Amino acid sequence: MKIFSGKQIYDADKFTIEKQQITSEQLMERAAIQIFNWIHSRLQGAQIKIHLFCGIGNNGGDGLVLARHLNEHGYNIDVHIVNYSDSRSEDFLINLDRLKEKGIWPNFLNEDATFPAIAQEDVVVDAIFGIGLNRAPDDWVQNLIVHLNNSQAFILAIDMPSGVFMQDMVPSSEGAIRANYVLTFQVPKLAFFLPQTGVFVEQWEILDIGLDWEFLQGMETDYELIGKNEVLAMYRPREKYSHKGTYGHALIVGGSYGKIGAVTLACKGSLLVGSGLVTAFVPKCGYLPLQSSFPEAMVLTDSAEEKISNIDFSISPNVIGMGVGIGTHPTTAQALSNFLDNNTIPLVLDADALNILSETPGLLDKMPAQSVLTPHPKELERLLGKWENDFDKLRKVKEFSQKYDCIVVIKGAHTITVYGNRGYVNTSGNPGMATGGSGDVLTGIITGLRAQGYSALHAAIFGVYLHGRAADIAVGETGFQALIASSILDHIGKSYLDLFKVVEPEDAKEEKGK
Ligand SMILES: NC(=O)C1=CN([C@@H]2O[C@H](COP(=O)(O)OP(=O)(O)OC[C@H]3O[C@@H](n4cnc5c(N)ncnc54)[C@H](O)[C@@H]3O)[C@@H](O)[C@H]2O)[C@H](O)CC1
Ligand SMILES: [K+]
């Protein structure tokens, strides 16, 4: 599913209004009725106090339309206008008049206003700012936001949590509504998925307001949300008349004394996603543990006992996963540098291989084109230097990807795979995955997919999805705390099977934003 910028959404708005020959005010009515239906189907007329906080733009307009419909259905509402500017939008004004015609006089909040008391059992509808926010709210509006956040009431945000920008950072951790639920129009918004702004969105759901589908589909976007439908299009079926040679040979290079397990996990990941063969290249101390714990893997050893010192092998793998458990010893760094001088085999680079690349001048230039890098936040910082915020981080990663023609997998709660100017935001995965070894499994998975002929970009996007989905299935048996990297491995098979499971309507609900 595509993720659009604010400008693209306004363009789609405009196009839809012209094509469907409706007014913007009718589109607002349509959008707000969707919100009303959502609330009404849940509350069924319950007399809970609903406080609607409406700005003076179209997000506020949505709030006013909603207030009218709630009132018509007998709900117990209080409407507050957050009067942060004199530039009220036309559709806001139309709907303010309509509300007044119904005998509802909103409470106008200005700079010196006392904020209304809100009880914990009340519901707050946040319609202060939507996608139009373009500068930090005034201090008093920020104070109101803090007041609402502190109320402990359930907060339902319309379109965006107020204070969260479409393409910039929230100025302070107190600067935006912490929404329990966001009902967002038509398309997901990038800010929902970034660590610094995603915290303002506990759950989200898309409401279809009938923006022109063809127009939306025809637009190129910088970001895409990756779920089952998107990865199914990448899936490569197994052929009947195939053999292990058909599915490639993955080589995992890594390990050092005390970190051979990382190589084992990566090798298992490669084979479990379907690589035909997997070989490990490890220091001598890794030979016995690997051979005894994972008989499916072949093992080659370095001449050194405890660390990689010379990456030299006589096989012809079609991809190499490099770096898990490898350490940053100068001998190993030199071995990696020497290896890169002559290597043309596609690479997946992780862990200390990335640290060596960031610390050794000139080494990044030696990466073959289309290498896949899988850094966690600290490794990414070593590669890029510091960033100001998540949006700045994405800009920097895109530049880096273009400069080195590589794919960067920014690991996190919503892992984002970046290639060139595009980012692919993953939707699978859970906090149980924050555990030692889960990154090694991912490296193995991506390497194993690449070995089978997936392009570097598809191997990264699909691999990240499968990895997260395996963990989502596993967590049902283990809970977050007891989920370990091996549990992810154990559920890779089920995550493949899950791709072809038909989603029942009830399950479909669970697939929405969590
Ligand atoms: N296609 C759709 O998705 C539809 C969306 N609708 C709703 O419209 C809003 C966007 O409305 P807009 O009037 O453009 O912006 P906002 O209401 O978010 O903001 C109001 C207005 O205020 C100005 N402004 C921005 N930042 C500040 C600030 N810090 N202080 C003061 N004033 C500020 C700026 O000029 C904004 O224009 C969208 O989110 C939906 O809720 C339609 O109802 C239906 C179609
Ligand atoms: K809002």
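## Surroundings of ligand 1

In this predicted model, ligand 1 is surrounded by 30 residues, of which Gly57, Asn58, Asn59, Gly130 and Gly132 are the closest; a residue counts as near if its C-beta atom, placed from the backbone, lies within 6 Å. The shell divides into 14 nonpolar, twelve polar and four charged residues, where Ala, Val, Leu, Ile, Met, Phe, Trp, Tyr, Cys and Pro count as nonpolar, Asp, Glu, Lys and Arg as charged, and the others, Gly among them, as polar.

Helices α1 (6-19), α2 (24-43) and α3 (58-72) each contribute at least two residues to this shell, and α3 gives the largest share, five residues. Helices (H or I, at least four residues) and strands (E, at least two) are DSSP runs, numbered from the N terminus.

## Two domains and their contact

The domain assignment, which is automatic or comes from a database, gives domain 1 (2-221) and domain 2 (247-511), and their C-alpha centres lie 41 Å apart. Ten residues from domain 1 and seven residues from domain 2 make up the contact, for which two C-beta atoms, placed from the backbone, must lie within 7 Å.

On the side of domain 1 that touches domain 2, helix α6 (residues 195-198) supplies the largest share, four residues, and the residues of that side divide into five nonpolar, four polar and one charged.

## The annotated region

An unreviewed UniProt entry places the feature "domain: YjeF C-terminal" at residues 227-499; such positions are given in the numbering used here, feature names are shortened, and annotations may be inferred rather than shown by experiment. Over residues 227-499 the chain is 44% helix and 14% strand, with the end C-alpha atoms 10 Å apart.

## Conventions

Residues are numbered from 1 along each chain as its sequence is written, while chains are lettered from A and ligands numbered from 1 in the order in which they are written. Local features need pLDDT of at least 70 and side-chain atom pairs count only at pLDDT 80 or more, whereas totals for chains, interfaces and linings use all residues.
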